[in-house]
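Hi everyone, thanks for making time. Let me put the structure up and walk you through a few parts of it.

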Amino acid sequence: MKDRNFQGTIASIVGIVFNLLLAGGKILMGVLFGAVSVMADGFNNLTDCGSSVISMISFKLSSKPADKEHPFGHERVEYICSMVVAFIILLIAFSVIKESIDKIINGSIMEFSYLIIAVLLGSILIKLGLFFYYRNVSKKINSDILKATSVDCLTDSISTGVVLISTVIFKIFSVNIDGYAGIFVALFIGFSGFTVLKETFSKLVGEVPDKELVEEIKTRVLSREGVLGIHDLSVYSYGPSKFFASVHVEVDAKIDVLTSHELVDDIEKEFLEETNVVLTGHLDPIVVDDEEVNEMRFKMALVVKNINEEFSMHDFRMVKGERHTNILFDVAVPFGTKMTKEEIENLIKLELQKIDEKYRLVLTVEHAI
């Protein structure tokens, strides 16, 4: 965590220094030569500088340890800071569009200078370099705010390229499209802000966990001797590197409960020591030596798979009575499944009655990650 905070802070400082230099150069060129698009691009860099400051603050705050008010830590502060950056970017975009429209309506006087060309070319090269730098660091430390910054650097390079083209057109054809280029730059700024806002909002609401993380959890648990299967895996994120998970661990019902409990304890300890996931395992004993139960479990699993290959079955039980036998199990379906719970249940009931009319279905349909 300390290394993540250090690398994130260094990256933020790099952004502050370079964006201050770029903002100062462009705004000065814009004022001296009446180039609103160049000035707009400079304000964009000034916004990036503010973003880097907020980024640095977020790394400092998110690295604070958990306390009694925030038992899951403070890493979500980074998401909140990302939203603040997004709103600042959108505000700047609106301001630049307003000024550019005014230039188009009322006209503007622009002077050409090779100094502007040099500043814009230098800016493109610097921003491309920052793009690769931020992308590399964001992957290393799994930082959403630095990932957003890397994308912003790439869009900055493109928008600056547009400003450069408009300046060259003015020099060659004496056609002033400065105001239109300013609007184009502002739209790029606004798109960048909206993208950051959308992605950050999604994380705060609660996204589906990364597939690689889910597969890693499944592989680790299933690799332990004595684990027959798992189900009801849930993963919760409290920041870029803070995850909590719960899972039902299926074990042989004949094994002593203390032995099985020790197995689950060992799994939880392994995750705590070797990963950034705090895992809670729920012991779920299943019968494996009853031929009738095993046969029905196999038949029902086949019925479920025939309905949809993406469906899965777990928690299978048979409760025998004098007049009928209850068949109880859960069916996990992926999000976006078009079939309703009632439709799934009716299809399974129909197949179950074909096997034996004394069987009664007790079904739970749930979503699986």
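**A sheet, its helices and a pocket**

Okay, strand 1 and strand 2 (residues 243–252) run antiparallel, joined by seven bridges. Strands here are DSSP runs of E, at least two residues, and helices are runs of H or I, at least four, numbered from the N terminus; two strands pair if DSSP finds at least two bridges between them. Before I go on, this is a predicted model: local features need pLDDT of at least 70, side-chain atom pairs count only at pLDDT 80 or more, and totals for chains, interfaces and linings use all residues. Numbering starts from 1 along each chain as its sequence is written, and side-chain values use heavy atoms, with hydrogens and water left out.

Back to that pair: S237 sits opposite F243 in strand 2. The whole sheet is open, three strands in the order 1-2-3, with mixed pairing. Strand 1 (229–237) and strand 3 are the edges, each pairing on one side only.

What packs on this sheet, touching strand 2 and strand 3? That's helix 8 (residues 257–274), where contact means heavy atoms within 4.5 Å.

Now helix 5, residues 144–173. At 1.5 Å a residue (times one less than the number of residues), its 30 residues should span 44 Å, and the end C-alpha atoms are 43 Å apart, so that agrees.

Last, the lining of the second largest pocket: strand 4 (312–320) is among its suppliers, and gives the largest share, four residues.

Methods:
Axes fitted to C-alpha atoms, helices over the stretch in contact; angles between N-to-C directions.
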